[in-house]
Amino acid sequence: MAITDKVYLKNHRQIVSQLETSIPKGAFKGATMEVLYSGDGLAKLDDATRDRLLEFATDFLDCEDPDDLYTGYPERQFVRYLLELRAQGLGPDAIVDVMTDDYMLYAYPGDVLSFLDRAVRRLEAVESLAAVEGDAEMERRAAETRRALSNG
């Protein structure tokens with residue numbers, strides 16, 4: 001299961017109540033993204049909630065081609081965001097705190113830790129494959145990225 005399947009809207013009940021419609025709790029579920037992307041329902045939200053959800057929509061749902069919204073673009077952007085937070089030295093608990101402050105999203109720190117561990121393992125595999133293939137540049141880039149995530 002992808003990390004984006006384990007990222008939820010904080011204060012989901014409050015948001016649903018203000019929107020006067022039901023949306024899934026998962027931030028990257030199709031119906032949730034549709035409501036956030038369309039912006040129609042956002043006018044019903046209080047200012048603080050609307051501002052954070054608009055930031056979420058701007059940072060993760062604003063793609064050049066609207067069809068990209070359903071091809072994994074938001075999820076890829078969010079994964080990049082998580083990896084950047086880790087590279088800045090934040091641990092799983094701090095990453096969850098930042099995503100909550102930035103976008104009113106939350107995840108369990110254990111899920112974030114598992115995601116980061118899998119990312120490091122994948123980078124190790126890329127590094128090994130690049131070495132076998134003789135691609136020194138890819139091997140170097142994978143090793144640097146792995147170290148940044150490991151040492152964070």
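Let's start in helix 3, residues 47-61, where Phe-56 and Phe-60 both lie, four residues apart, about one turn of the helix. A helix here is a DSSP run of H or I with at least four residues, a strand is a run of E with at least two, and both are numbered from the N terminus. Both Phe-56 and Phe-60 are buried. Buried means under 20% relative accessible area, exposed means over 50%, and partly exposed is in between, with a 1.4 Å probe and protein chains only.

A word on the source. This is a predicted model, where local features need pLDDT of at least 70 and side-chain atom pairs count only at pLDDT 80 or more, while totals for chains, interfaces and linings use all residues. Residues are numbered from 1 along each chain as its sequence is written, and side-chain values use heavy atoms, with hydrogens and water left out.

Now the overall picture. The protein has seven helices and two strands. From the N terminus on, the order is β-α-α-α-α-α-β-α-α. Its C-alpha atoms fill a box of roughly 55 × 35 × 25 Å along the principal axes. It has 152 residues, and 38% of them count as buried.

Next, the rings. There are 11 aromatic pairs in the structure. Rings of Phe, Tyr and Trp (its six-membered ring) pair if their centres lie within 6.5 Å; planes under 30 degrees apart are stacked, over 60 edge-to-face, and the rest tilted. Take Tyr-8 and Tyr-106: the ring centres are 5.5 Å apart and the planes are at 40 degrees, so this pair is tilted. It links distant parts of the chain, with Tyr-8 in strand 1 (residues 8-9) and Tyr-106 in strand 2 (residues 105-106), 98 residues apart. Tyr-8 is partly exposed, at 22% relative accessibility. Tyr-106 is buried, at 18%.

Back to Phe-56 and Phe-60. Their ring centres are 5.5 Å apart with planes at 50 degrees, so this pair is tilted.

What is helix 3 packed against? Helix 5, with the axes 7 Å apart at an angle of about 105 degrees. Axes are lines fitted to C-alpha atoms, for helices over the stretch in contact, and angles run from 0 to 180 degrees between N-to-C directions. Under 35 degrees is roughly parallel, over 145 roughly antiparallel, 65 to 115 roughly perpendicular, and the rest oblique. Helix 3 and helix 5 are therefore roughly perpendicular to each other. Helix 3 brings Arg-52, Leu-53, Glu-55, Phe-56, Asp-59 and Phe-60 to the contact, and helix 5 brings Thr-100, Asp-101, Asp-102 and Tyr-103. Contact means heavy atoms within 4.5 Å.

Look at Thr-100. It lies in helix 5, residues 92-103. Leaving out residues up to four places away in sequence, Thr-100 touches Lys-10, Arg-52, Leu-105 and Tyr-106.

Helix 4 (residues 73-87) and helix 7 (residues 136-151) have axes that come within 7 Å and cross at roughly 70 degrees. Helix 4 and helix 7 are therefore roughly perpendicular too. Leu-83, Arg-86 and Ala-87 of helix 4 meet Ala-148, Leu-149, Ser-150 and Asn-151 of helix 7.

Last, the contacts across the chain. Of the contacts with a separation of 6 or more, 52% join residues 24 or more positions apart.
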